[in-house]
Amino acid sequence: MLVEKNVPLQHSNTFGIVAKALTLVRVAQEADIAAALQDPALKAAPKFVLGGGSNIVLTGDVKPLVLKVEIMGKRLLREDPKAWIIEAGAGENWHDLVTWTLQNGYPGLENLALIPGTVGASPVQNIGAYGVELQDRFESLDAIDLTTGQPFTLNAAQCAFGYRDSVFKHSSSAPESATHGFGLEGKALITRVRFALPKAWKPVLGYADIDKKMAQSGIQAPSAQQIYDWICEIRKAKLPDPQVIGNAGSFFKNPTVSPEQCADIIQREPKIVHYHLADGTVKLAAGWLIDVCGWKGKTIGNAGVYEKQALVLVNRGGTADPVTGGEVMTLAKAIQTSVYERFGILLEPEPVVV
Ligand code: EPU
């Protein structure tokens, strides 16, 4: 195990924010965690697990011990009559995994193409796009308890997945914990994730952007590869490439409101973009709320609101004069205030603020 000091993190977070890890250990295999947890100088330190850095805002140097997950490998673990079970190391790039599964004849992850980040981070916020969420394809995961060093396995129910949510985003002490006291925030490091990709593959369609592609191309029964290609085109057209413009994807979650609350808002704002959910609640498009408040293209310092999708905050200073975490949070708070004042809705940030 190599313990590194003062490691620059500018290229380890997709915003491109400048910050250092005061102490960092790379985890290429399970034994690296065991070594860190046995090291007298490290074992008691608070720990921060870093994957692809695509869902974090760094507001300063990271003082907890940074465990940088670099566990690699992807394989067909087994198959049963219904599904292929694919296993991937937590350090694998998410989009590379999606590409690999399609190339090897295991469709099912195509709607999740081009989402930045690593395999290990994917269950933490239950990534989702175009009608598919990670939980729809999830089988189980392996993790290590960062206090005891013990490995454990969780199935989907134990992960307590929700919209951009899981057991890994809740602290066990939080009274409002969705997981009823079983929170694992900061307590575990995910090492491997397994996916069940159904052999009876069916395309997941029904999103306006995909419908448009079907109409334009005249293709009514797209293959998984076709959907993958479309999703890549759609995302490239409306979301900034973090390699070119730093960002952390959607900065806020889409809020849900009661039907009564929605009806009240519609009276004042007839054009509001909303979707009725199966449980009776109504989901509002946060991007629309921010857009109508006039934020698209606005900046505070080097933090900006992306001009093609108001839900995405971007680094306007590039690598030469990068945005700070403070600027990102100042902009985020200003957006929250103006959306709250107009709609009475408090937007909840999606990334983890470190
Ligand atoms: N809209 C606007 N103005 C904007 C942005 C959006 O009016 O600036 C309207 C659009 O016209 C559309 C609606 O809002 O009618 C929804 O927009 P979009 O289809 O772009 O989806 P989204 O709800 O903003 C969510 C996810 C994305 C995911 C897409 C597609 C969240 C927080 N975001 O965005 O996920 O790719 O749906 O499924 O749920 C991410 O989490 O980082 C992410 C990119």
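The ligand is surrounded by 24 residues, the closest being Tyr-130, Tyr-163, Asn-254, Asp-291 and Ala-310; a residue is near a molecule if one of its heavy atoms lies within 4 Å of it. This is a predicted model, in which local features need pLDDT of at least 70, side-chain atom pairs count only at pLDDT 80 or more, and totals for chains, interfaces and linings use all residues. Residues are numbered from 1 along each chain as its sequence is written, and side-chain values use heavy atoms, with hydrogens and water left out.

**Ligand contacts**

- A backbone N or O atom of Ala-310 is 2.8 Å from an oxygen atom of the ligand, within the limit for a polar contact (a pair of N or O atoms within 3.5 Å; within protein, one must be able to donate a hydrogen and the other to accept it, and residues adjacent in sequence count only if both atoms are side-chain atoms).
- The side chain of Gln-309 has an N or O atom 2.9 Å from a ligand oxygen atom.
- For the side chain of Lys-238, the corresponding distance to an oxygen atom of the ligand is 3.1 Å.

**Sheet**

- Four strands form an open sheet with mixed pairing, in the order β1-β2-β5-β3; strands are DSSP runs (E, at least two residues) numbered from the N terminus, and two of them pair if DSSP finds at least two bridges between them.
- β1 (3-8) and β3 (47-50) are the edge strands, each with a single partner, so one side of each has no neighbour in the sheet.
- From one strand to the next the twist averages 40°, with axes fitted to C-alpha atoms and angles running from 0 to 180 degrees between N-to-C directions.
- β3 and β5 (residues 65-69) run parallel and are joined by 4 bridges; Lys-47 stands opposite Leu-65 in β5.

**Thr-59**

- Thr-59 lies in the loop between β4 (56-57) and β5.
- Thr-59 is partly exposed because its relative accessibility is 45% (buried is under 20% relative accessible area, exposed over 50%, partly exposed in between; 1.4 Å probe, protein chains only).
- Leaving aside residues up to four places away in sequence, Thr-59 touches Gly-325, Met-329, Val-353 and Val-354, contact meaning heavy atoms within 4.5 Å.
- A polar atom of the Thr-59 side chain lies 2.7 Å from the backbone oxygen of Val-354.
- Thr-59 and Val-328 are 269 residues apart along the chain, with 8.9 Å between their C-alpha atoms.

**Cysteines**

- The whole structure has 0 disulfides, a disulfide being a pair of cysteine sulfur atoms within 2.5 Å.
- Cys-293 is in no disulfide, and the nearest cysteine sulfur, that of Cys-262, is 16 Å away.
- Cys-293 is partly exposed at 22% relative accessibility, whereas Cys-232 is buried at 9%.
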